Structure formats: C-alpha cells, structure tokens
Amino acid sequence: MSKTAPLTSDQRSAFLAAFLGWTMDAFDYFLVVLVYAEIAHDFGTSLTKMAFLTTVTLLMRPVGALLFGLWADRRGRRIPLMVCVTFYSAVGFACAFAPDFAVLLVLRLLYGIGMGGEWGLGAALAMEKIPPERRGFFSGVLQEGYSLGYLIASLAFLLIHSALGLSWRWLFAVSLLPALISLIIRSRVVESEVWQQTREKMKASRTSIRDVFLDRRIVRRFFYLVALMTLFNWMSHGTQDIYPTFLKQGAHLSASAASWIVVVYNCGAILGGMFFGSLSEKAGRRRTIMLCTLLALPIVPIFAWSTSAGMLCLGSFLMQVMVQGAWGIIPAHLTELSPDAIRGFYPGVTYQLGNCIAAFNLPIQQALAAKHGYPFALAVTIVPVLLLITFVTWRGAEAKGVQFGGQRAAQAA
C-alpha cells in the first residue's frame, strides 16, 4: 500500500474504535480530575484524600492490562476489547449513583481495570492493521484520543455544571452513550490478521507464550519500557491532573475560566500529538521524543509561575504540545518494540505498570502545593522527569517500520 492510499473499511473501523475507546476512557477519568473539589465538598472529604480517587484508578490499570492482554494474546483482540468497553462503561455510569466516598472509591478502582485493558488491546489491534509507513501519524492521532477525552470532559463540565448548574453526577451519567457508540463500531472490526498468523506459527513451531516470556532480551526490554512509561506517565499526569485545581485555587480563576484554559491546552495536546507523531516517521521515534522533552523545559516557568489567565493559557498550551507530542509516538513505539506473540499483553502492561508506579503523582503534588504553593509543586515534579525521559529514551532502542507478523518483528523484539 502506498503512503497516500486510503485505509480499507476494516482498517478505518479498527482505528476509529481504538480512538473512541481511548477517548471515552480519558473522558471518564478526567471527569474526576475536573470535579473532585466539588465531590469533596458534597462528601465532606479533604482534597488530599479525594486525590486518591485517581490514584486507585491508576493502580488498577495494570490488572486490567494483564487480564485482558493475556486473554487477547490467547483468544484474539476483538472479543476481549468488546467485553472491556462494556465493563468500563457500566462502572463509569454507576459512579453517578455513588452514595458516599467509599463506594465511589471502589467504583473508580473497578474502572481502572477496564481503563487498563482498553489502551493496550486497542493500540495493538489498530497498529497491527495500519500500514507500517503510516503508523507515526495514526499513532499520534490515536494517543490524542486521550486529550480529546479530556477536552470533551471539559466542555461537558462547562455545559452541564457551569451553564446548566447540574450536579457532577450528571457528568458520569452521560458518559454511557459515547462509550456504547465505540462498542457498536468495534463489533464490525475483523480479527487481527497478524494475531492469526502468529498463532499459526506458534502452533507449527510448538512455541508457547511462556517460552516467549522467558527470552532474556524480551524480559530486559520489558523492564526498560516499564521505566520509560513510569516517566512518561509522571510527565503527563504531572502536567494535567492538578492543573485545573491550580488554576482555580492557586491562580484564583473562576471555574469557567479554568475550564476554558483546559479546553485550549487540550487543543494544543491534539495538535502536538499529530505533528510530532508524523515527524517521527522521518526523524525517528527516539529523536522526536527527545526533541519534545527538551523543548518543554524552557516552557516550565510560563506554565507554572504565570499569574495572568492569558500567560497561563499560553504556557499550558505550549506545555501540552510538547508533552502530548512525545506521547503521540508511544502507541507506535511500544507496539513496534513488542513481540508478535504477546503484543496484546506487552505494550499495555508496560504502559499501565508505569502508570501504577506514577499513580501517587497527584497526592504528592497536592501535598507539596499545600506546603510550598502550586508553582513549586508543578516545577519540582516536572523538570527532573523531562530530563530523565530524555536520557532514558536516548539509551533505549526503536524498531520504526518493523513488519508485524514476520521474522523481522521477532528480531526487533
């Protein structure tokens, strides 16, 4: 297929389903980020304690990635993905009826399992179907489903909470409908041909998934990717999760003004993901990631220490261009570095274990902000991570353009 040839109907459906699934995952996750101050008020709970709603979600994502990933490597991508979407949609909807903090905490814990399963499987299926020479662009678009979900959550907050004056519970109630649309599209997707070919080869060679796991190269790369994803997740959550609260309580902006800034910086995130994802096809995955993290460093003072709404808007917009520009490369980068036999498990679990380790970012930032102020909390948790990502990425490998399902893919892993 040439670079300009259109995607087939099945390729479009697989990508769109993965994109929408990840979008709605992020939508539901960021609802809590946007309204946890309001939930804390209703339940009579401190903000520091409320921050653990996001922590338990992140902690359970590796469990979902493990369960759904192993299922997908043994039985195919399609059915596990549909079950995953159904599960997290039902749990997200149930959050609208939580009577107290304890019940909501359990529901967010369960939601983390569904959220953890969605990304790895959706990315594996989409990247296995997308032509190798176009993975960079579609990787950028796919990952920015996360930013689009954040953007939609912000707009929903403005409409339902700010304009209509309805409770935060309505935000969780309306999240059911878009998730069901993703489920309908996914039901039309054909099973991954790469998975089918890999299973046939494993049967012919009498190779088990356990045999693949015992390869030392694959084990070493697994731990490397967990470390890389820990840093990446600290970078994204460190620049996003506390920022709406900082705008409202640290910069003393109105809820409406803060929400519009969130809308603007998520537009920057989407643009960054698409641009740098495409750039990675020419410059390489690692070089593009390092470019983004290095360019983010001089933006930190504007992002964290500005006092006017205009400068905060500019700083957060530029920061998310770089942060999500680096993230836009990750779906292609992780799936390309994953062995064919465990591509359902490998990228999702490395991603979500990194999320798990970085899960305490928000409580740490909230505690630092209470003691030293929000600008200090943001800067001291972001600058070291940007530097570490640059170094760890430089020391790593890449397999840009690897052909899935063939001998070359096995060697790259």
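In which helix does R285 lie? The legends below, which describe a predicted model, begin with this residue.

Figure 1. R285 lies in helix α15, which spans residues 285-296. The relative accessible area of R285 is 0%, so this residue is buried. Leaving out residues up to four places away in sequence, R285 touches R135, G136, S280, I329, A332, H333, E336, E398, K400 and G401.

**Figure 2. E336 in helix α18.** E336 belongs to helix α18, which covers residues 330-336. Is E336 buried or exposed? With a relative accessibility of 1%, E336 counts as buried, because values under 20% fall in that class. Along the chain, E336 and P347 are 11 residues apart, and their C-alpha atoms are separated by 9.2 Å.

**Figure 3. The packing of helix α15 against helix α17.** Helix α15 (residues 285-296) and helix α17 (residues 309-327) have axes that come within 8 Å and cross at roughly 155°. The two helices are therefore roughly antiparallel to each other. Their crossing is left-handed. On the α15 side, the contact is made by I289, C292, L295 and A296, while α17 contributes M319, M322, G325 and A326. By class, the residues of this contact divide into 7 nonpolar, 1 polar and no charged.

Figure 4. I299 is found in the loop between α15 and α16, the latter covering residues 300-305. At 9% relative accessibility, I299 counts as buried. Which residues does I299 touch, not counting residues up to four places away in sequence? They are G315, L318, M319 and M322. Two of these, M319 and M322, also take part in the contact that α17 makes with α15. A further pair in this view is I299 and V141, which are 158 residues apart in sequence and 24 Å apart in space, C-alpha to C-alpha.

**Figure 5. T293, a buried residue of helix α15.** T293 lies in helix α15. Its relative accessible area is 0%, so T293 is buried. Leaving aside neighbours within four places in sequence, T293 is in contact with M235, L386, I389 and T390. The C-alpha atoms of T293 and V56 are separated by 28 Å, and these two residues are 237 residues apart along the chain.

**Figure 6. F232 and M235 in the largest nonpolar core.** The largest nonpolar core holds 132 residues. Which of its residues touch the most other members? They are F232 and M235. The largest share of this core, 20 residues, comes from helix α1, which spans residues 9-43. Leaving aside neighbours within four places in sequence, F232 is in contact with I289, A326, W327, I330 and I389.

**Figure 7. The packing of helix α12 against helix α21.** The axes of helix α12 (residues 216-240) and helix α21 (residues 374-395) come within 9 Å and cross at roughly 150°. This crossing is left-handed. From α12, the contact involves Y224, L228, L231, F232, W234, M235, G238 and T239. From α21, the residues in contact are L378, T381, I382, V385, L386, L388, I389, V392 and T393. The residues of this contact divide into 13 nonpolar, 4 polar and no charged.

**Figure 8. The packing of helix α1 against helix α3.** Helix α1 and helix α3 (residues 52-75) pack at an angle of about 150°, with their axes 9 Å apart. That angle makes α1 roughly antiparallel to α3. The contact is formed by W22, Y29, V32 and V33 of α1 together with L53, T54, T57, L58 and R61 of α3. How many residues of each class does this contact have? There are 6 nonpolar, 2 polar and 1 charged.

**Figure 9. H252, in the loop between α13 and α14.** H252 is found in the loop between α13 (243-250) and α14 (255-283). The phi angle of H252 is near 60°, a positive value in a residue other than glycine. At 65% relative accessibility, H252 counts as exposed, because values over 50% fall in that class.

How values were computed. Residues numbered from 1 in each chain as written. Predicted model: local features only at pLDDT ≥ 70, side-chain atom pairs only at ≥ 80, totals over all residues. Heavy atoms only, no water. Axes fitted to C-alpha atoms, helices over the stretch in contact; angles between N-to-C directions. Helix = DSSP H or I, 4+ residues; strand = E, 2+ residues; numbered from the N terminus. Parallel < 35°, antiparallel > 145°, perpendicular 65-115°, else oblique. Left-handed = near helix turned anticlockwise from the far one by under 90°. Contact = heavy atoms within 4.5 Å. Nonpolar A, V, L, I, M, F, W, Y, C, P; charged D, E, K, R; others polar. Buried < 20%, exposed > 50% of the residue type's maximum accessible area, 1.4 Å probe, protein only. Core = buried A, V, L, I, M, F, W, Y, C linked by side-chain atoms within 4.5 Å.
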